[in-house]
Amino acid sequence: LGDGLRPGSVYDANDDAQVLLRSEDRPVHVDGSRVLHAGRREDDRALSTSFSVNGCTTQRAMLPLRLVSSRTGAPYLAWLIPIAPGGNGAPRQRRSLVDAFGDEPTILLLVSPVMRSAEIPPEAIQAAFNLTCAEARLASALAAGRSLSAYAAQAGVSRNTVRNQLA
């Protein structure tokens, strides 16, 4: 859990988060000031921006961010979910950790590895959405968590070609 007043500052992390933050394959880490950072510079900019945007709203979560382990290149997805402050006049059945923060904006960060087994066969995508073979291969790669640049390099085409396939 973090707050929107000091974007990226970490209040608490569950046991699974503690393991992830200490692992060799971590996509995020906490610095000495208890501020959360992504492992790669470009991911860190996106994470910081998302914390700032989500800290100013109590609306639903945005689309997930794609984070990559700086050590192994393993892909992860991260969701930043704004949590409305407690005490909106409705009776509470139980106290929670979020209640301890009062009216400060609070953000829940969920991080999950992209599972390689979740790849969708391009043929299924092509049939379901009436796409070309190239478009279906790209959609399958993106659904599996690969970036446009990584797919372009693997396919031997330019990033602009891949971007045009998305249009």
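A: Since we're looking at a predicted model, local features need pLDDT of at least 70 and side-chain atom pairs count only at 80 or more, while totals for chains, interfaces and linings use all residues. Residues are numbered from 1 along each chain as its sequence is written, and side-chain values use heavy atoms, with hydrogens and water left out. The protein chain averages a pLDDT of 76, and 73% of the residues score at least 70. Over residues 89-95 the score is below 50, and that stretch has three contacts (heavy atoms within 4.5 Å) in the model beyond near neighbours in sequence.

The overall layout is six helices and six strands, running β-α-β-β-α-β-β-β-α-α-α-α along the sequence.

Let's zoom in on H4, through one of its residues. Ser-140 lies in this helix, which spans residues 133-143. Ser-140 counts as buried because its relative accessibility is 8%; buried means under 20% relative accessible area, exposed over 50%, and partly exposed in between (1.4 Å probe, protein chains only). Leaving out residues up to four places away in sequence, Ser-140 touches Ile-120, Pro-122 and Ile-125.

An α-helix has 3.6 residues a turn, so residues three or four places apart point the same way.

H3 (residues 122-129) and H4 pack at an angle of about 115°, with axes 8 Å apart; axes are lines fitted to C-alpha atoms, for helices over the stretch in contact, and angles run from 0 to 180 degrees between N-to-C directions. From H3 come Pro-122, Ile-125 and Gln-126, and from H4 Cys-133, Ala-136, Arg-137, Ala-139 and Ser-140. By type, that contact has five nonpolar residues, two polar and one charged, where Ala, Val, Leu, Ile, Met, Phe, Trp, Tyr, Cys and Pro count as nonpolar, Asp, Glu, Lys and Arg as charged, and the others, Gly among them, as polar. H4 is then followed by Gly-145, whose phi is positive, near 100°.

Now for the cores. A nonpolar core here is a set of buried Ala, Val, Leu, Ile, Met, Phe, Trp, Tyr and Cys residues joined through side-chain atoms within 4.5 Å. The largest one has 15 residues, and those with the most contacts inside it are Val-28, Leu-36, Leu-47, Phe-51, Leu-67 and Leu-80. Helix H1 (15-22), strand S3 (36-38), helix H2 (41-55), strand S4 (65-68) and strand S5 (75-83) each give two or more residues to this core, and S5 gives the most, with three. A second, separate core of six residues includes Leu-138, Ala-141, Tyr-151 and Val-162.

Conventions
Helices (H or I, at least four residues) and strands (E, at least two) are DSSP runs, numbered from the N terminus. pLDDT is the predictor's confidence in each residue, from 0 to 100.
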